[in-house]
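This briefing covers the salt bridges of one model. Please look through the structure below before reading on.

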Amino acid sequence: MSVKSLVSISDYSKEKILQILDKAAAFEKNPNQKILDGKVVATLFFEPSTRTRLSFETAVNRLGGRVIGFADASTTSGTKGETLKDTIKMVSNYVDLIVMRNPIEGAARYASEISNIPVINAGDGANQHPTQTMLDLYSIKKTQGRLDNLNICMVGDLKYGRTVHSLIMAMSHFNPTFSFIAPDELKLPEQHKMFCKSQGIKFEEHSELNEQNIADTDILYMTRVQKERFTDLFEYEKVKNVYILKNSLLEHTKPNLKILHPLPRVNEIEQEVDENEKAYYFQQAKNGVYARQAVICDLLGL
Ligand code: CP
């Protein structure tokens, strides 16, 4: 049986994205409704999370549904050797929808093929994080008043950052101009540059985060260097503090510029920037509740 799931942002057309964003706006106006009364959602987190898991659980709770699940896979029968296949088969007998984060790229697609209920990918390795993208799009639209024709500068770990990969795909519907700022070790993988070329998307690459390279930027999308994806921690140490955003760097940026970050932040944004009116990352995380309410209700046909 084929059921609708959200595994990759490419599962959504442009029209679907816009429809979900409208739904999210309605949920922001009224996040407490009993739409999910009687529904149970499982949050299966095989990797650590703060925002994604808690905002999904908040989204469900505020809509009157219930949540089961785990935040620590070491407490599950996976430690006794149970396969992901069997785990998904079991959980899909208990609940109406599965939200899963897993370190293995493709794990969410695999789960969606096994499950007889919808699966939402809450991050699979360095691959995709589509609901993060929906809240990123929501935040961009809310702060810029539009999604079309924006200059988006992505900074940091563009190799392993799954939120970067998903957002590039989604923005391809809206004629962006990208600037990718990364050290050589963390450059955007070739497949994503090929994707941009195939879609006729303009982009440039830099290795310096300086005033000149962000002078025309509308959205400055900062990212953390993804320590957990490095096999050699010596390599991580070499690049971990490669970019640190400070207020002084923002002085001559456009008035409409907003700083986004999927979070968690480590050192890449100085704490002083939190008070800058261009910082939007905490509101961005809050928007995750509304975007996820919209995605859940859409997948459940509500
Ligand atoms: N943005 C994000 O995925 O955060 P968490 O890892 O805390 O869920």
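Arg53 and Glu57 join their side chains in a salt bridge, with N and O 3.4 Å apart. The model is a predicted one. Under the 4 Å limit between a Lys or Arg nitrogen and an Asp or Glu oxygen, the count is 16 salt bridges. Side chains of opposite charge can pair when their charged atoms come close.

**Within one helix**
- Arg53 and Glu57 both belong to helix H2, which covers residues 51–62.
- The two residues are four apart in that helix, so about one helical turn separates Arg53 from Glu57.
- Arg53 and Glu57 are both buried.

- Lys16 pairs with Asp298 in a salt bridge, and their closest N and O atoms lie 2.8 Å apart.
- Lys16 sits in helix H1 (residues 14–29) and Asp298 in helix H9 (residues 281–299), so this pair ties together parts that are 282 residues apart in sequence.
- Burial applies to both partners, Lys16 and Asp298.

**A network**
- Salt bridges link Lys4, Lys16 and Asp298 into a network.
- Two of its members, Lys16 and Asp298, are the buried pair described above.

**A further buried pair**
- Asp274 and Arg265 also meet through their side chains in a salt bridge, at 2.8 Å from N to O.
- Are Asp274 and Arg265 buried or exposed? Both are buried, which means that each has under 20% relative accessible area.

Conventions: Residues numbered from 1 in each chain as written. Predicted model: local features only at pLDDT ≥ 70, side-chain atom pairs only at ≥ 80, totals over all residues. Heavy atoms only, no water. Buried < 20%, exposed > 50% of the residue type's maximum accessible area, 1.4 Å probe, protein only.
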